[in-house]
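Please read them with the structure open.

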Amino acid sequence: MKLPATSSSKAPVKFRMPTEDNLVPIRLDIETEGQRYKDAFTWNPSDPDSEVVVFAKRTVRDLKLPPQFITQIAQSIQTQLTEFRSYEGQDMYTAEKIVPIKLDLRVNHTLIKDHFLWDLNNYESDPEEFARTFCNDMGIEDPEVGPAVAFAIREQLYESVASAREIKISKKGRRGAEHAISSKGGGNALDLMKLFRYNSSVVRKRKEWYVYEPIVDILSNEEVDALEAREDRNTR
Amino acid sequence: MAAKSPVKEPPGTSAVNPTTPLAPPPVKPELPSSSEPDVVNVPSYSRWFSFDSISECEVKFLPEFFDSRSPSKNPRVYRYYRDSIVKHYRENPSRKITFTDVRRTLVGDVGSIRRVFDFLETWGLINYFASVKTLKWEDKETKSSAASAESSSALKETSKRLCNGCKTLCTIACFACDKYDLTLCARCYVRGNHRVGVSSSDFRRVEISEEARSDWTEKETLQLLEAIMHFGDDWRKVAQHVSGKSEKDCITHFIKLPFGQEFVCKESDSEDVDNKFFSINNPSDAVSESENVGATSPSKRMRLTPLADASNPIMAQAAFLSALAGVEIAEVAARAAVTTLSDVDDRASKGSLMRNTRQQEAEVASNGDATQNALARASVDASSLIEKEELDVEKAISGIVEVQMKEIQDKIIRFESLDLQMEEEWKQLEQVKNLLFVDQLSVLFHKSNARKNGDRTEENVKTDVS
């Protein structure tokens, strides 16, 4: 269901993830009986719903969680899936839209900070490919970083697209739509137009380099513990 | 505590912090020391596996990657999943890897990763020989699978074994084939659920002793019996009542208990034996019967496969049960079932055909090595049967006699009535005779009168003329 999106066309497209494979980012955060389970992964919405329960049971069994988690996990996944599916029938207008993606995540002992631009219109984009290349290039050894990076990117893309769709619903009429586009993240689109004008170059200014540079840090155990404690405190 | 703690910041900021502090620090493990040989066991039916290629087996079982329905699922991605999962497992072959470990390290949607993982696990390319039961067996596993890495004959030492056919745990007895390095549980062996080219004669039976796991103290036995009295067939509750024994242990031990100890009277004896077999094995009547046939012919002892004709599920079940239980147990069970059956037959008073077969079976059973108990009981039963028969015969005779008497009585009554009728008819006849006589007399009178009158008239005429 990929329409060739030309730069000036504002034809509506059926809602989907703006990536090559239409996968939904699912985040789980369940707390029962003093045990907390947090997880994040990508899900294929074309999998049958029976898959949800199977996955929940598998996870609970592998992680040796108490069985109450099964229903809760399954429900949470199902809710997020239904939300995604409810978006799916609707149209979305994605004009030329470049969104900034910020990565700021800690996976086990690896800390990653990055900032880059992503074209929302490019339906052949692949966060997984990006993550793979990223890990290869940065020489990251921990195999869990890749999926976490891909997930982060996907989640942000999902948010952008979902909010784009919501704005369309709230405002009627194309004029309203155009305004909406320009207001949300459209600032970047305008920036791009500026960039491609004659009086500026595509190359980034040197002083902005540090903003867009990826940073990969390996933490020691104490730092990890400190960070974890701070995160826990923040969430509670 | 299963706390994994990413921080979800409010959606205003666009920073996201997923974290998973589960895996060990990303230090490459050192190469395994040379004391452990670098051998990984792969089951023989997975010989097609190679890192360099994709076999038709994989295409068949995981078509989603190969039918280009989805742009992200292509063979390259499949190989990436497969290779990384297998490598991950082979880093530490004695440890079972879980799906959750793996999916955290792979980029992609969890549904397809799960399918690849399941496929690899089913085909024994990962988690092969790793225990599927509780963690406490893992230590034994690592020791024994390290030994088994040396030579396949060391298979005997592993305490928990997975069947190659159905991937279940072999518990009581299993069949091992050294030629092709296969292990089958009793069910798969009986069903012939092994690769083509391997015949059932290549297998030998390996007992896995269960009693070593649990010694039954007196207290536990007592608890077991109490529980059975209270809960009857509900083995779950029985297991709960007996401290420290699982359901299967309870059932096994219960069967092994000597018969006299468990039952109160002989009547309920046979019924309980029935119930016990019925509840434990969930067979129908036919199974115990067919067990008879199966086990009482000693010539068929070793050749179970003729009975394991898959087209007859009951026979397969019987063969499986006798394979599982061992030969002597099956024999004793069969004999007990025979006795029970004969009782049941008697009560239902089936035709003589059943009696004949029963006698035959009883004969066959007694021809074998019979235990004293069974024989004595059989003879006692036989004498009681004889007495019953005699009583029956007497009753029958007296019945017949009564019936005959009634017949005779009826006949007498009928004859009497006939006599009466005859007499009446006689009387009537007499009356009629009398009447007739009277008529005759009157006719004679009239005749004589008429003649006299005729004479007188003649005289009158004559006188007139003269």
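1. A salt bridge here is a side-chain nitrogen of Lys or Arg within 4 Å of a carboxyl oxygen of Asp or Glu. The side chains of A:Glu129 and B:Arg76 meet in such a salt bridge, at 4.0 Å from N to O. This pair crosses between chains. A:Glu129 sits in helix 3 (residues 127-138) of chain A, and B:Arg76 in helix 2 (residues 75-90) of chain B. Bear in mind that this is a predicted model.

2. The reason is the cut-off: buried means under 20%, exposed over 50%, and partly exposed lies in between.

3. A second pair also links the chains. B:Glu121 and A:Arg58 form a salt bridge through their side chains, at 3.6 Å from N to O. The pair crosses from helix 4 (residues 110-122) of chain B, which holds B:Glu121, to helix 1 (residues 50-63) of chain A, which holds A:Arg58.

4. The burial of this second pair is worth a look. A:Arg58 counts as buried because its relative accessibility is 10%, and buried means under 20%. B:Glu121 has a relative accessible area of 22% and is partly exposed.

5. One salt bridge lies within chain B. The side chains of B:Asp83 and B:Arg82 meet at 3.2 Å, N to O. B:Asp83 is buried, and B:Arg82 is buried too.

6. Some salt bridges share partners. They join A:Glu51, A:Arg58, B:Arg114, B:Arg115, B:Asp118 and B:Glu121 into one network. Over all chains, the structure holds 14 salt bridges.

7. Now chain A as a whole. Chain A has 7 helices and 7 strands. From the N terminus, its elements run β-β-β-α-α-β-β-β-α-α-α-α-β-α. Of its 236 residues, 48% count as buried. Take the contacts in chain A between residues at least 6 apart in sequence: 67% join residues at least 24 apart. The accessible surface of chain A comes to about 12,200 Å², with 53% belonging to carbon and sulfur atoms.

8. Chain B, for its part, has 16 helices and 5 strands. It has 466 residues, of which 36% count as buried. Among its contacts between residues at least 6 apart in sequence, 57% join residues at least 24 apart. Its accessible surface is about 29,000 Å², and carbon and sulfur atoms account for 57% of that.

Terms used: Residues numbered from 1 in each chain as written. Chains lettered and ligands numbered in written order. Predicted model: local features only at pLDDT ≥ 70, side-chain atom pairs only at ≥ 80, totals over all residues. Heavy atoms only, no water. Helix = DSSP H or I, 4+ residues; strand = E, 2+ residues; numbered from the N terminus. Buried < 20%, exposed > 50% of the residue type's maximum accessible area, 1.4 Å probe, protein only. Contact = heavy atoms within 4.5 Å. Areas by Shrake-Rupley, 256 points an atom, 1.4 Å probe, with all protein chains shown as cover.
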